Amino acid sequence: MRRVYLDNNATTRMREEVLEAMLPFYKDVYGNASSIHQFGRPARKAIDAARIQVAELLGAARPEEIIFTSGGTESDNFAIRGVMQALKAKGNHVITTVIEHHAVLNTCKALEKYGYKVTFLGVDKYGVINLEELKRAISNKTTLVTIMYANNEVGTIEPIIEIGKIAKAEGIYFHTDAVQAVGKLDFAVKDMNIDLLSISGHKIYGPKGIGALYIKKGTKIAPQILGGHHEMAKRAGTENVAGIVGLGEAARLAKRDIPDESRIKELRDYLYKGITSSIEDIHLNGHPENRLPNTLNVSFTYLEGESIILNLDMEGIAASTGSACTSGTLEPSHVLTAMGLDAVNTQGSVRFSLGRDNTKEDMDYVIGVLPPIIKRLRAMSPLYEKGK
Ligand SMILES: *Cc1c(COP(=O)(O)O)cnc(C)c1O
């Protein structure tokens, strides 16, 4: 059976070149990067090179602005807790949105328990924040704005440049979770009034368990992992050399291959056209244009995403639902709910997230397989008959 992977927003397949770059650091180059002898020095050199590669992908002015972490989740935690703690004397208010990844959402919710104040901005029907609302939410106690670059569920891109301008004008730090944006969109942090930016290795065809936080020079931040003086004394712990090298190589290739994202976008639009031409009652979730090139989130009205995913899985197709299955109960996606999607559409969402391995044949396969599944499920759905 054909296997088609369309869950690249969850994780990506590591590139062959990345694995090749990493292997020596699991074998012969095992020295500690902090050791000054001949075993440690090559590890240090490799970390320095990877830092430059990541800085180049992000368009950072200086490599020292890149701090390696264990992934996107740690980078988000570090940025938010680190800034809020460092600036506690100045203020205790952080502004975020209701559609953030849980790495940001739950960090902000945890801060509330420690006396911090959090404003969760809503979004419009496309998942975009309102800049006037952001301006109104700012007070003299606000020290940080954390808003994702692009949403992982629906792909909507937020007005990052405008948010950066507003934060800068108010003298507030701006952090953005760019885990989904990096490698798919072309940008340079140094031109955007971004103070902190999170990325993750495994979302850009790199290894899992490695990520980075861009911290603009001069940004006040309290370290969250204490110990030795690793990573410019901002993040302690013996470096994950192989992981860092893998992230560096993934970053180099991501920068080189950004033009290929237009091919992925064409495939995605071809898939959307294909399924809408043979299936009725489909709703596109997310911004129609201002969206990640690889992301297609659609609701099949009156159906449950879970059953569609399971049926697709039986045909070898891996996609994901917008709604997270929490302890057996189907909770609707916090993102789709925030976008005000009607009840008949929130449950039936499916996210197809394409990647660089996908081909037109993959899309044709999905376009062929999906209509009978939807037809069958709708035939069994009492809601669908009633709704019609
Ligand atoms: C995957 C993801 C994360 C978490 O990154 P990990 O490296 O898996 O911890 C954070 N934010 C967004 C938007 C993501 O898609």
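This is a predicted model: local features need pLDDT of at least 70, side-chain atom pairs count only at pLDDT 80 or more; totals for chains, interfaces and linings use all residues.
**Entry 1**

I started with the interface: domain 1 and domain 2 bury about 2,500 Å² between them, and carbon and sulfur atoms give 54% of that. Buried area here is the accessible area (1.4 Å probe) that two parts lose on being put together, summed over both. Thr12, Leu292 and His334 supply 24% of the area that domain 1 buries against domain 2, more than any other three residues.

Residues are numbered from 1 along each chain as its sequence is written, and side-chain values use heavy atoms, with hydrogens and water left out.

Next I checked the bounds: domain 1 is 4-12 + 259-387, and domain 2 is 16-257. Those bounds come from an automatic or database domain assignment. Their C-alpha centres lie 29 Å apart. For contacts (heavy atoms within 4.5 Å), I found 29 residues of domain 1 touching 33 residues of domain 2.

**Entry 1: what crosses the interface**

How many salt bridges run between domain 1 and domain 2? The count is one. A salt bridge means a side-chain nitrogen of Lys or Arg within 4 Å of a carboxyl oxygen of Asp or Glu. I also looked up Asp257, which pairs with Arg356 in a salt bridge, the closest N and O atoms being 3.7 Å apart. Both belong to a salt-bridge network that also takes in Arg15 and Arg256.

**Entry 2: salt bridges elsewhere**

I got 15 salt bridges by this rule. Arg44 pairs with Glu239, with 3.1 Å between the closest N and O atoms. Arg44 sits in helix H2 (residues 41-58) and Glu239 in the loop between helix H7 (230-233) and helix H8 (241-257), 195 residues apart. Helices (H or I, at least four residues) and strands (E, at least two) are DSSP runs, numbered from the N terminus.

Is Glu239 buried or exposed? It counts as buried because its relative accessibility is 9%, whereas Arg44 is partly exposed at 26%. The cut-offs are under 20% for buried, over 50% for exposed, and partly exposed in between (1.4 Å probe, protein chains only).

Glu231 and Arg51 also meet in a salt bridge (2.8 Å, N to O). This pair joins helix H7 to helix H2, 180 residues apart. Glu231 is buried at 5%, and Arg51 is buried at 6%.

I then followed Asp76, in helix H3 (residues 72-86). Asp76 is buried yet has no salt bridge, and the nearest side chain of opposite charge, Lys203, is 8.7 Å away. For charge, Lys and Arg count as positive and Asp and Glu as negative; His and the chain ends are not counted. Leaving out residues up to four places away in sequence, Asp76 touches Ala103, Val104, His175, Asp177 and Ser198.

Gly72 is in helix H3 too, and it counts as buried because its relative accessibility is 11%. With the neighbours up to four places away left out, Gly72 touches Val179, Ser198, Ile199 and Ser200.
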